[in-house]
Amino acid sequence: MTQKADHKPVKTPQQTVENKTLVINGKSHTIAEDWYDKNLIKYLREELNLKGTKNGCHIGACGACTVLINNRPRRSCITPVRKVLGSNVLTIEGVARSDGTLHPLQQAFLDAGAVQCGYCTPGMILTAYALLLSNPNPSRDEIRKALAANICRCTGYQQIIDAVELAASWITNNK
Ligand code: FES
Ligand code: FES
């Protein structure tokens, strides 16, 4: 049976994606279309082998998968690649200097005993990184609030707050 012309299903035009790139830790990547509807964490871990971004809950509830998109924290487990095309992404692998020197936040987390199992650490550090960009001298309360949505099962949080405070003082004093 032939379908009448006016009953033909209307084809939805493919959404045009103008910018097909992501700049990840300073390097530009052209993203294959297969990835557009997958979550960013999958692209980072499976395509680029950037395994520092952790998958804790996969539903946007724990903060372990946090990366920075244009310097703002975002949960990569619930962020489709399509939504962030054209953005700058910072993962934990891009935080240290190119010569391998740890970022003050990374060093402070070690010095303050803020790393135990380490699963929450990349997300904590990136969230704190964004905080220090916008507020270089946060109070303990401001640090606590900024990190409130990042869950740590090990440390009891005090050492994490200590670490961010320590890093802020180093950065401010240009250590
Ligand atoms: S893994 Fe993304 S918020 Fe928990
Ligand atoms: S150090 Fe284990 S979850 Fe935070």
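Biologist: Does Asn71 count as buried or exposed, and why?

Modeller: The model is a predicted one. Asn71 is placed in the loop between strand 3 (66-69) and strand 4 (72-75). Because Asn71 has 12 C-beta neighbours inside 10 Å, the class is exposed.

Biologist: What is the phi of Tyr157 near?

Modeller: Tyr157 belongs to the loop between helix 5 (140-146) and helix 6 (158-172), and 18 other C-beta atoms within 10 Å make Tyr157 partly exposed. Its phi is positive although the residue is not glycine, with a value near 75°.

Biologist: Which strands stand at the edges of the sheet, and why is one side of each without a neighbour?

Modeller: Five strands form an open sheet of mixed pairing, in the order 2-1-5-3-4. Each edge strand has a single partner strand, so one side of each is left without a neighbour in the sheet; these are strand 2 (27-30) and strand 4.

Biologist: Which residue in strand 2 is the bridge partner of Leu22?

Modeller: Strand 1 (residues 21-24) and strand 2 run antiparallel and are joined by four bridges. Within strand 2, the bridge partner of Leu22 is His29.

Biologist: At about what angle does helix 4 run to strand 3?

Modeller: Helix 4 (121-134) is among the elements that cover the buried residues of helix 3. Helix 4 also lies across strand 3, strand 4 and strand 5 (88-90), and its angle to strand 3 is about 30°.

How values were computed:
Residues are numbered from 1 along each chain as its sequence is written. Chains are lettered from A and ligands numbered from 1 in the order in which they are written. This is a predicted model: local features need pLDDT of at least 70, side-chain atom pairs count only at pLDDT 80 or more; totals for chains, interfaces and linings use all residues. Helices (H or I, at least four residues) and strands (E, at least two) are DSSP runs, numbered from the N terminus. A residue is buried if 20 or more other C-beta atoms lie within 10 Å of its own, exposed if 12 or fewer, and partly exposed in between; C-beta atoms are placed from the backbone. Two residues are in contact if their C-beta atoms, placed from the backbone, lie within 7 Å. Two strands pair if DSSP finds at least two bridges between them. Axes are lines fitted to C-alpha atoms, for helices over the stretch in contact, and angles run from 0 to 180 degrees between N-to-C directions.
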